[in-house]
Amino acid sequence: MGGGGQQTDRITGTNGRFGTYTWEEVQKHTKSGDQWIVVERKVYNVSQWVKRHPGGLRIIGHYAGEDATEAFTAFHPDLQLVRKYMKPLLIGELEASEPSQDCQKNAALVEDFRALREHLEAEGCFKNQPLFFLLHLGHILLLEAIALMLVWCFGTGWINTAIVAVLMATAQSQAGWLQHDFGHLSVCKTSRWNHLVHKFVIGHLKGASAGWWNHRHFQHHAKPNVFKKDPDVNMLNAFVVGKVQPVEYGVKKIKHLPYNHQHKYFFFVGPPLLIPVYFQFQIFHNMILHGLWVDLAWCISYYVRYFLCYTQFYGVFWAVILFNFVRFMESHWFVWVTQMSHIPMNIDYEKHQDWLSMQVHSEPSQPLFPTMPRHNYWRAAPHVRALCDKYGVKYQEKTLYGAFADIIRSLEKSGELWLDAYLNK
């Protein structure tokens with residue numbers, strides 16, 4: 001087994017000597033400033049490199065002391081290139097007697113999922129259709145152009161403005177899904193072009209930050225619905241979700257809001273305010289705090305374009321009102337669509353599940369293969385469903401109405417759990 005005395009040499013690789021480690025030894029290195037991960041049985045010391053990780057430092061920190069092979073494969077389209085950059089961080093490998101999986105994960109399931117990915121790659125499911133994304137971008141630009149043309153031709157009356165607002169909100173929502181594609185490197189052949197177009201779509205077309213999105217969203221996919229690791233289930237004490245958090249809050253007598261009524265005030269706090277208030281503040285705060293000046297420039301270009309186009313018709317005050325109304329409508333769209341894969345699903349603290357089980361418990365297909373172009377999800381779904389059936393992993397499919405209704409039912413159930421614990425435990 002490798003000891004601490006040769007650690008510097010192993011990190012730099014200057015003398016070619018590497019250690020062998022047990023899982024027990026690897027799992028001791030989980031704290032900030034001392035973090036090891038395992039990828040394909042190789043042990044890497046990422047303690048200092050996490051600060052330079054393109055996907056953000058937290059995503060690697062969430063896998064400290066763990067096997068990160070499945071996450072590594074899922075997030076990186078060019079594995080050979082990434083292995084090259086990781087080579088200086090290599091300090092050894094697992095002992096031959098150690099299993100490849102940690103935390104008693106089902107080795108057969110992990111192996112079958114790896115085989116499934118290879119099968120889907122062979123079938124071409126990871127190859128994109130450029131026309132799909134060109135048309136998607138084109139229809140967003142067309143909606144923006146039609147909205148401006150309507151104001152130009154028909155003025156600022158209430159009915160025309162309502163139509164313009166709907167067109168703009170639709171364009172903003174569709175741009176949100178498109179930036180998601182580029183952010184996951186699932187469109188262009190090279191990461192450079194994916195990153196560049198991502199900044200254009202999320203920055204110039206939406207007025208948001210690519211760095212902020214990467215920081216949040218990669219954590220979500222890495223550890224979906226895991227408290228303290230998935231920022232998408234950080235409810236800022238406005239809601240209690242799942243079955244564990246409500247009881248925990250109730251026992252501790254935490255009552256920031258009357259959580260037994262959260263399924264009612266959700267309509268006034270969640271969908272209307274997430275994008276125009278919380279995200280709006282968080283985006284600018286994050287860009288300034290972390291010095292994301294390129295993102296800020298792209299973001300400012302959106303606001304310059306918007307106000308140059310619309311203040312000449314509405315004036316500054318009403319242009320601001322229109323802007324926030326569009327954000328208000330977009331926020332409803334975004335919250336209802338995204339929260340069906342959060343609030344009604346299993347939400348808990350870290351359980352160290354295998355990739356398939358962890359992802360399917362939150363969303364059925366896309367998080368399993370983040371770099372897969374979305375027009376191929378339907379091709380992957382039957383294979384994923386079959387693998388879930390084989391290992392007894394619950395694969396959920398719902399109607400749109402049923403999924404929306406489950407959000408409210410889940411909030412109500414969590415509120416009841418909180419109230420019972422608050423009053424009786």
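Which helix is F267 found in? F267 sits in helix α12, where helices (H or I, at least four residues) and strands (E, at least two) are DSSP runs numbered from the N terminus. This is a predicted model, so local features need pLDDT of at least 70 and side-chain atom pairs count only at pLDDT 80 or more, while totals for chains, interfaces and linings use all residues. Residues are numbered from 1 along each chain as its sequence is written, and side-chain values use heavy atoms, with hydrogens and water left out.

**Confidence**

- The chain has a mean pLDDT of 91, with 95% of its residues at 70 or more; pLDDT is the predictor's confidence in each residue, from 0 to 100.
- Over residues 1–16 pLDDT stays under 50, and the model has 29 contacts there beyond four places in sequence (contact means heavy atoms within 4.5 Å).
- Where pLDDT is low, the predicted coordinates should not be read in detail.

**The nonpolar patch**

- F267, F268, V269, L273 and V277 make a nonpolar surface patch of about 460 Å².
- Patches take residues with over 30% relative accessible area and no salt bridge, joining like charges within 9 Å and nonpolar side chains (Val, Leu, Ile, Met, Phe, Trp, Tyr) within 5 Å.
- A salt bridge here is a side-chain nitrogen of Lys or Arg within 4 Å of a carboxyl oxygen of Asp or Glu, and accessible areas come from the Shrake-Rupley method with a 1.4 Å probe, counting only the protein chains shown as cover for residues.
- Helix α12 (residues 262–269) gives the largest share of the patch, three residues.
- F267 counts as partly exposed because its relative accessibility is 39%; buried means under 20% relative accessible area, exposed over 50%, and partly exposed in between (1.4 Å probe, protein chains only).

- Strand β3 (residues 34–39) is mostly covered, with five of its six residues buried.
- On one side, β3 pairs with strand β2 (residues 30–31) in the antiparallel sense over two bridges; strands pair if DSSP finds at least two bridges between them.- T30 has Q35 in β3 as its bridge partner, and in the β2 and β3 hairpin, with two residues between the strands, G33 takes a positive phi near 90 degrees.
- β3 also pairs with strand β4 (residues 42–45), in the antiparallel sense and over four bridges.
- V38 stands opposite V43 in β4.
- The hairpin of β3 and β4 has two residues between the strands, and E40 in the turn has a positive phi of about 55 degrees.

**Positive phi in loops**

- Most residues other than glycine have a negative phi.
- L185 is not a glycine, yet its phi is positive, near 60 degrees.
- L185 lies in the loop between α8 (158–183) and α9 (191–205), and it counts as buried because its relative accessibility is 14%.
- H352 isn't a glycine either, and its phi is positive at about 55 degrees.
- H352 is in the loop between α14 (293–339) and α15 (355–360), and its relative accessible area of 28% is why it counts as partly exposed.

**Two buried glutamates**

- E144 belongs to helix α7 (residues 130–154) and is buried, with a relative accessible area of 14%.
- Beyond its neighbours within four places in sequence, E144 is in contact with A171, Q172, L205, R305 and Y310.
- E70 belongs to helix α4 (residues 69–75) and is buried too, at a relative accessible area of 16%.
- Not counting residues up to four places away in sequence, E70 touches V110, F113, D354 and W355.
- E70 and P231 are 161 residues apart along the chain, and their C-alpha atoms are separated by 20 Å.
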